[in-house]
Amino acid sequence: MKDISAIIDTFSTEEKQGFARFLKKKNQRGDTKNLQLFKLINSGRTQDLDVQLYGKPSKNAYHALCKRLRDSLVDFTASKSFSGETSEEMEIMKLLLAGRIFLEQKLNKIAFKTLKKAEKEALALDLHPILNEIYHTKIQYAHLNPSQTLENVIQASNTNMKLFQKQFQLNMAYASIKKHLKNPGESSITGIILEHFSAFNIKIDTTLTYKSLFQLLNITATAATLQSNYYEIAPFMMDIYTIISEKKEVAQKHLFYHIETLNLMAVNSFRNKNFEQSKEFVVKMEVEMQRNNKQYYKRFSDKLVVLKAMNLTYTGKAREASKLLKNTKNLSLDSQLTFCMCLFQQSEFNSAYQEYRNLTHSDHWYEKKMGWLWVLKKNIIEILLLIELDKLDLVLSRLQSFKKRYTKPLKKAGEERVLTFIKLVSDYYENPDQVTTERFKNKVEGSFEWIGTQQEDIFVMSFYAWLKAKMEKTNLYKTTLGLVS
């Protein structure tokens, strides 16, 4: 049951509808109950399902039905990935499989022609693991191919094996970096990455494949998010991007990673308050999303909307940002929270709270989907909204649950300042009149270790702006722009 619910939770509304059609097409009997079970679980009704399905307790039949539904979910997920938007590797795998089948059927000429096409496409995309399988097949049946010598195939295979080994070393380095970043200690992000690359004899230069450079960029950006330290890694990310930019001739062959790279750079620029640079990356990103008949437009459209809205918000165009988000259909979770924060900064607290209430799932569910940092930001926004709307009982309960839930993880992450901020928010709510006193201002000044406007994270500054606006009796949005500019 838990496995089934977990898989269903990963589906979008469109994917759930697609799975229902998939089951209907698959069912040969009219009395099959797998679709009924899927609808019950999807609606959140998980108690006594055997009774609901069969009219009486029937555990054995129910467990057998659950297994069949789980198998169908796995089958649908696999089928979906084969027909998905990032299908280049799948298409090459299909060519490889077809080539092998043709060889078994003694259709040698068409088999080697198919394998040659698979090899050419795999080489263009640096797919060394798939190339290993292609060369293995070509060597196995080399005696049937008069147009290519065994020696040439072996040489190509050995060359690919060296590249595959380098890719394998990269993967080991990435795994080591990810593990280290969980408990980074005093080491810098850049220092951690360079140390592990050196341990595996890897140099960061143009000899790395496009995909490998993207992976390095992605790990760096992830580390920055985990440590709320985008300032330190900005130069390093730009260095990697410069190397990636030198591979223009293969960028279109790796269009998915190319768009994702531009997205990461746009996010990093935004988090460092370099809004003009972020906008430039967003423009480039949108241009690339138009390519190949908008092959990846749907995949990246939400990220594009969020970036546009955030850049508008922090460059004095919050109303344009609100309009953009309001007119966007099927807002994602990230877009919803962005819209909520945008309305909050404009002091449209009732509208922001109405938008917030659309987030109806549990924090546990959101944490699985979006990560605990996203949930943390969501909970802080909720507390500030409830204070603005003076919902006394809810404010007190949310403050208590926040401290209970986040004290340990925040201390472990070295983010005690979030707890300090929540304590000051609590002090303000208990006695609002004290917020404009010199005593309270001095208390705030002495509570934080200020690291400067350039280095401080933009979202940290945004939350502090709320407290600053209270202390100085100024407009929240103008105070926010004043802090980040």
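Reader: Which side chain does Lys279 meet in a salt bridge?
Author: In this predicted model, the side chain of Lys279 meets that of Glu276 in a salt bridge, with 3.7 Å from N to O.

Reader: Where do those two sit in the fold, and how many residues apart are they?
Author: Lys279 and Glu276 both belong to helix H15, which covers residues 275-289, and because they are 3 residues apart there, about one helical turn separates them.

Reader: How many salt bridges turn up in the whole structure?
Author: A search of the whole structure finds 17 salt bridges. Among them is the one between the side chains of Lys468 and Glu472, which meet at 2.9 Å, N to O. Both of these residues lie in helix H26 (residues 458-472), where Lys468 and Glu472 are 4 residues apart, about one turn of the helix. Lys468 is partly exposed at a relative accessible area of 21%, and Glu472 also counts as partly exposed, at 41% relative accessibility.

Reader: Which residues do salt bridges with shared partners join into one network?
Author: That network consists of Asp363, Glu367, Lys378 and Arg405, joined by salt bridges that share partners.

Reader: Switching to rings, how many aromatic pairs does the structure hold?
Author: The structure holds 24 aromatic pairs. One of them is formed by Phe19 and Phe22, and this pair is stacked, with 6.1 Å centre to centre and 25° between the planes. Phe19 and Phe22 are 3 residues apart in helix H2 (residues 13-26), so about one helical turn lies between them.

Reader: Is Phe19 buried or exposed?
Author: Phe19 is buried, its relative accessible area being 0%. Phe19 also forms an aromatic pair with Phe38, and that one is edge-to-face, with 4.9 Å centre to centre and 70° between the planes. Since Phe19 lies in helix H2 and Phe38 in helix H3 (residues 34-42), the pair ties together parts that are 19 residues apart in sequence. Phe38 is buried as well, with a relative accessible area of 3%.

Reader: Which residues do ring pairs link into a cluster?
Author: The cluster linked by ring pairs contains Phe11, Phe19, Phe22, Phe38 and Phe76.

Reader: Last topic, charges over rings: which ring does the charged end of Lys294 sit over?
Author: The charged end of Lys294 sits over the ring of Tyr297, at 5.0 Å from the centre of that ring.

Reader: And Lys377, whose face does it lie over?
Author: Lys377 lies over the face of Phe459, and its distance from the ring centre is 4.0 Å.

Methods
Residues numbered from 1 in each chain as written. Predicted model: local features only at pLDDT ≥ 70, side-chain atom pairs only at ≥ 80, totals over all residues. Heavy atoms only, no water. Salt bridge = Lys/Arg side-chain N within 4 Å of Asp/Glu carboxyl O. Buried < 20%, exposed > 50% of the residue type's maximum accessible area, 1.4 Å probe, protein only. Phe/Tyr/Trp six-rings, centres within 6.5 Å; stacked < 30°, edge-to-face > 60°. Lys NZ or Arg CZ within 6 Å of the ring centre and 35° of its normal.
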